[in-house]
Amino acid sequence: MSIWEYANPVKFMKTSSWALPWVSVATVISLAVGLIWGFFFTTEAMNFGSTVKVLFVHVPSAMMAINIWVMMLVTSLIWLIRRHHVSALAAKAAAPIGAVMTIIALVTGAVWGQPMWGTWWEWDPRLTSFLILFLFYLGYMALWGAIENPDTAADLTGVLCLVGSVFALLSRYAVKFWNQGLHQDSTILKVGEKDPLDPSYYIPLVICIVGFVLLFVTLLLLRTRTEIRLRRLKALEQRERMA
């Protein structure tokens with residue numbers, strides 16, 4: 001069985017209909033476990049209060065904001081190369097989710113930064129590239145809405161996605177590119193190294209990340225199914241006008 005079978009709208013609708021309930025349940029369980037554990041049952045949360053609790057939302061949302069754009073890049077390339085409509089619609093469906101994740105990351109980052117850094121905002125390399133990434137999300141959605149022909153819109157937004165991927169890359173590796181700024185490098189993958197995250201903090205954070213990934217998958221499936229239905233509806237309306 002080839003993965004390209006799922007580029008067929010009928011196949012995608014059938015498979016996503018089966019997967020949605022399971023993914024939704026897994027999303028609720030993982031988010032509930034991760035957030036409750038992180039908010040109320042970690043040493044850091046009990047000793048430092050609400051400031052540290054923000055990171056259980058900030059870190060997963062920031063990771064998703066970047067990775068959703070990467071997913072949009074991949075699906076846009078599939079559209080540009082192979083002309084599979086489901087991939088273009090999946091990229092379109094993912095954009096609002098990514099924009100919301102970026103807003104959450106920026107807001108929670110400000111909430112964290114004010115008591116820790118003494119400022120709500122700093123033109124830090126990662127913060128600045130994140131803000132630009134958010135503007136690319138807005139531009140991507142605006143371009144889809146401004147062009148009536150869906151294939152032309154998919155082509156142009158695909159090109160925009162390629163350009164915006166530079167800032168997604170900068171958002172992820174800004175700390176490594178510039179040895180300055182307030183933002184620290186990632187410690188998620190540094191278990192066993194010097195000064196890693198404490199396991200009592202690390203485990204619920206990983207569960208929260210898994211929950212955010214599953215939340216994205218759930219919302220993506222729902223929104224892509226909606227986009228497919230809207231495309232079918234427009235096709236039927238065009239046939240009625242021509243009849």
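Me: Leaving aside its neighbours within four places in sequence, which residues is Thr108 in contact with?

Reply: Happy to start there: this is a predicted model, where local features need pLDDT of at least 70, side-chain atom pairs count only at pLDDT 80 or more, and totals for chains, interfaces and linings use all residues. Residues are numbered from 1 along each chain as its sequence is written, and side-chain values use heavy atoms, with hydrogens and water left out. Contact means heavy atoms within 4.5 Å. With neighbours within four places in sequence set aside, Thr108 is in contact with Val54, Val57, His58 and Ser61.

Me: Does Thr108 count as buried or exposed?

Reply: Thr108 is found in helix H5; helices (H or I, at least four residues) and strands (E, at least two) are DSSP runs, numbered from the N terminus. Buried means under 20% relative accessible area, exposed over 50%, and partly exposed in between, with a 1.4 Å probe and protein chains only. The relative accessibility of Thr108 is 13%, so it counts as buried.

Me: Which side chain does a polar contact of 3.0 Å join to that of Thr108?

Reply: A polar contact is a pair of N or O atoms within 3.5 Å; within protein, one must be able to donate a hydrogen and the other to accept it, and residues adjacent in sequence count only if both atoms are side-chain atoms. Here the contact spans 3.0 Å, and the partner of Thr108 is His58.

Me: How many salt bridges does the structure hold?

Reply: A salt bridge is a side-chain nitrogen of Lys or Arg within 4 Å of a carboxyl oxygen of Asp or Glu. The structure's number of salt bridges is 4.

Me: How far apart are the closest N and O atoms of Glu227 and Lys92?

Reply: Glu227 is buried at 10% relative accessible area, while Lys92 is partly exposed at 23%. The two form a salt bridge, and their closest N and O atoms are apart by 3.3 Å.

Me: Which residues are linked with Glu227 in a network of salt bridges?

Reply: Arg223 also forms a salt bridge with Glu227, with closest N and O atoms 4.0 Å apart. Arg223 and Glu227 both sit in helix H8, 4 residues apart, about one turn of the helix. Arg223 is partly exposed, at 29% relative accessible area. The residues that join Glu227 in the network are Lys92 and Arg223.

Me: How many residues apart in sequence are the parts tied together by Asp151 and Arg231?

Reply: Asp151 forms a salt bridge with Arg231, their closest N and O atoms being 3.2 Å apart. Because Asp151 lies in helix H7 (residues 150-177) and Arg231 in helix H8, the pair ties together parts whose separation in sequence is 80 residues.

Me: What is the count of aromatic pairs?

Reply: Rings of Phe, Tyr and Trp (its six-membered ring) pair if their centres lie within 6.5 Å; planes under 30 degrees apart count as stacked, over 60 as edge-to-face and the rest as tilted. By that rule, the number of aromatic pairs is 5.

Me: Why is the pair of Trp69 and Phe136 described as it is?

Reply: The ring centres of Trp69 and Phe136 are 6.3 Å apart and the planes stand at 80°, so the pair is edge-to-face.  Trp69 lies in helix H4 (residues 55-82) and Phe136 in helix H6 (residues 125-146), so this pair ties together parts 67 residues apart in sequence. Trp69 is buried, with a relative accessible area of 0%. To come back to the geometry, planes at 80° make the pair edge-to-face.

Me: Which residues do ring pairs link into a cluster with Trp69?

Reply: Both Trp69 and Tyr140 are buried. The cluster linked by ring pairs holds Trp69 together with Phe136, Tyr137 and Tyr140.

Me: What is the area of the nonpolar surface patch?

Reply: Patches are made of residues with over 30% relative accessible area and no salt bridge: like charges are joined within 9 Å, nonpolar side chains (Val, Leu, Ile, Met, Phe, Trp, Tyr) within 5 Å. Areas come from the Shrake-Rupley method with a 1.4 Å probe, and for residues only the protein chains shown count as cover. H4 and H7 each supply at least two residues of the patch. Leu77, Leu80, Ile81, Val159, Leu162 and Val163 make up a patch of about 480 Å².

Me: Which residue has a positive phi although it is not a glycine?

Reply: The residue lies in the loop between H4 and H5 and is partly exposed, with a relative accessible area of 37%. Its phi is about 60°, and its name is Arg83.
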